[in-house]
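These are my notebook entries on one structure. I looked up selected residues, a helix pair and the aromatic rings.

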Amino acid sequence: MATSYRFGVLSYQIIGAVCSLFFLGCAAGAFLARQYPPIAVFAFFACMGLYMIASAGSFELSEKSVTHHNLLGTFRMTWAEVRRVELGTQGSIILHGEGKRFALAPPAYWSGRQKPEAFELLRKTIDQLGVLTYPSNTADYKVHKNVRVRKGEA
């Protein structure tokens with residue numbers, strides 16, 4: 001039986017909610033003050049907060065793969081596909097495969113009861129893979145690429 005651990009990123013959801021509410025309030029204030037040009041800027045940041053909420057979701061690490069479930073879809077990469085691991089300055093972990101990229105939130109932001117077990121499985125699996133691991137200044141800005149799970153693939 002394969003072992004799997006689930007964890008979320010509750011802090012992303014909280015930050016996204018606070019950001020959305022704050023900038024929606026700023027937009028409303030600008031509207032009431034008849035200062036219309038700043039509304040577009042405030043709306044942009046409010047939408048970024050909503051994006052954080054929608055994309056946070058939860059992660060599942062198993063002995064075979066890593067999966068991210070959120071409102072935008074399900075994303076998965078098997079460990080056999082991983083060719084190198086990029087580590088961001090803020091702690092993001094980017095798994096690279098042939099034409100694929102899986103973005104894993106920084107472990108400092110993980111939440112849930114299975115967080116310690118998930119981190120230990122991740123560390124152990126990356127060590128066992130024996131792939132190139134390297135630091136990067138841009139890893140924290142990367143998103144998933146070519147790892148979306150289609151409806152019939154579960």
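Entry 1, Ala54. I began with the contacts of Ala54, setting aside its neighbours within four places in sequence: Ala54 is in contact with Asn70, Leu71 and Leu72. Contact here means heavy atoms within 4.5 Å. I then located Ala54 in helix H2. Helices (H or I, at least four residues) and strands (E, at least two) are DSSP runs numbered from the N terminus. Ala54 counts as buried because its relative accessibility is 15%; buried means under 20% relative accessible area, exposed over 50% and partly exposed in between, with a 1.4 Å probe and protein chains only. I also checked Ala54 against Ala28, 26 residues apart along the chain, and found their C-alpha atoms separated by 23 Å.

Basis of the entries. I note that the model is predicted, that local features need pLDDT of at least 70 and side-chain atom pairs pLDDT 80 or more, and that totals for chains, interfaces and linings use all residues. Residues are numbered from 1 along each chain as its sequence is written, and side-chain values use heavy atoms, with hydrogens and water left out.

I recorded three helices and eight strands in the protein. Their order along the sequence is β-α-α-β-β-β-β-β-β-α-β. The C-alpha trace spans about 60 × 30 × 30 Å along its principal axes. Of the 154 residues, 36% count as buried. Among contacts with a separation of 6 or more, 61% come from residues 24 or more positions apart.

At what angle do the axes of H1 and H2 cross? For helix H1 (residues 10-32) and helix H2 (residues 37-56), I found a crossing at roughly 160°, with the axes coming within 7 Å. The axes are lines fitted to C-alpha atoms, for helices over the stretch in contact, and angles run from 0 to 180 degrees between N-to-C directions. H1 is therefore roughly antiparallel to H2; angles under 35 degrees count as roughly parallel, over 145 as roughly antiparallel, 65 to 115 as roughly perpendicular and the rest as oblique. By class, the contact of the two helices has 18 nonpolar, four polar and no charged residues. In this scheme Ala, Val, Leu, Ile, Met, Phe, Trp, Tyr, Cys and Pro are nonpolar, Asp, Glu, Lys and Arg charged, and the others, Gly among them, polar.

My search of the whole structure gave 10 aromatic pairs. Rings of Phe, Tyr and Trp (its six-membered ring) pair if their centres lie within 6.5 Å; planes under 30 degrees apart count as stacked, over 60 as edge-to-face and the rest as tilted. Phe7 and Phe59 form a stacked pair, 5.4 Å centre to centre with 15° between the planes. Phe7 lies in strand E1 (residues 4-8) and Phe59 in strand E2 (residues 58-62), so the pair ties together parts that are 52 residues apart in sequence. Both Phe7 and Phe59 are buried. Ring pairs link Phe7, Phe59, Phe102, Trp110 and Phe119 into a cluster.

Is Ser65 buried or exposed? I found Ser65 in strand E3 (residues 65-70), and at 10% relative accessibility it counts as buried. Beyond its neighbours within four places in sequence, Ser65 is in contact with Glu60, Arg76, Met77, Thr78 and Trp79. Pro135, in strand E8 (residues 132-136), is exposed, with a relative accessible area of 70%. The C-alpha atoms of Pro135 and Phe59 are separated by 22 Å, the two residues being 76 apart along the chain.
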